[in-house]
Amino acid sequence: MSNRVSLLVPTMNRPAFVDRMLRYYRDRSFAGQIWIGDSSTGEFLDKGRSVIANYAGALDIRYREFPGVMNHVCVKWMAEASETPYGAYLADDDFLTHEGLLESVAFLERNQQYSAVHGLGTIL
């Protein structure tokens, strides 16, 4: 069911976060699309490219560079280009569990009158 959701991830100068996030979803066999709009610059952009390359065969990553551009441009591109019925926005300091995504999709599939869901969150 994870193939019905796209993760929309704008990021800027956070390749370590992107690496950790992609590793998490790869290890759980996430089958949806992962859209990454990268506003990084300089060495962070280079590191980001390297991170994306490491997961190219394991995940359906849709990556585009927007060096130095505000994240609303990235979000607009991702939202318009996404090909799945559901999308989940992840700022580059947020994290959604695979199980939570599956539960959210299942809820929306059962309750067509809803257009969005969210659950409990924890700030550490």
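This is a predicted model: local features need pLDDT of at least 70, side-chain atom pairs count only at pLDDT 80 or more; totals for chains, interfaces and linings use all residues.

Modeller: Residues are numbered from 1 along each chain as its sequence is written, and side-chain values use heavy atoms, with hydrogens and water left out.

Biologist: In what order do the elements of the chain run from the N terminus on?

Modeller: Helices (H or I, at least four residues) and strands (E, at least two) are DSSP runs, numbered from the N terminus. From the N terminus on, their order is β-α-β-α-β-α-β-α.

Biologist: Why is the chain described as being as compact as a globular protein of that length?

Modeller: The radius of gyration is taken over C-alpha atoms, and the globule rule is 2.2 Å times the number of residues to the power 0.38. For 124 residues the rule gives 14 Å, and the chain is as compact as a globular protein of that length because its radius of gyration is close to that, at 14 Å.

Biologist: What share of the contacts with a separation of 6 or more comes from residues 24 or more positions apart?

Modeller: A contact means heavy atoms within 4.5 Å. Among contacts in the chain with a separation of 6 or more, the share from residues 24 or more positions apart is 78%.

Biologist: Is the pair of Y25 and F30 stacked or tilted?

Modeller: Rings of Phe, Tyr and Trp (its six-membered ring) pair if their centres lie within 6.5 Å; planes under 30 degrees apart count as stacked, over 60 as edge-to-face and the rest as tilted. By this rule the chain has seven aromatic pairs. In the pair of Y25 and F30 the centres are 5.2 Å apart and the planes are at 55°, so the pair is tilted.

Biologist: Which parts does the pair of Y25 and F95 tie together?

Modeller: The ring centres of Y25 and F95 are 5.9 Å apart and the planes are at 20°, so this pair is stacked. The parts it ties together are 70 residues apart in sequence, because Y25 lies in helix 1 (residues 15-27) and F95 in the loop between strand 4 (86-89) and helix 4 (98-110).

Biologist: Does F95 count as buried or partly exposed?

Modeller: Buried means under 20% relative accessible area, exposed over 50%, and partly exposed in between (1.4 Å probe, protein chains only). Y25, at 0%, counts as buried. F95 has 37% relative accessibility, so F95 counts as partly exposed.
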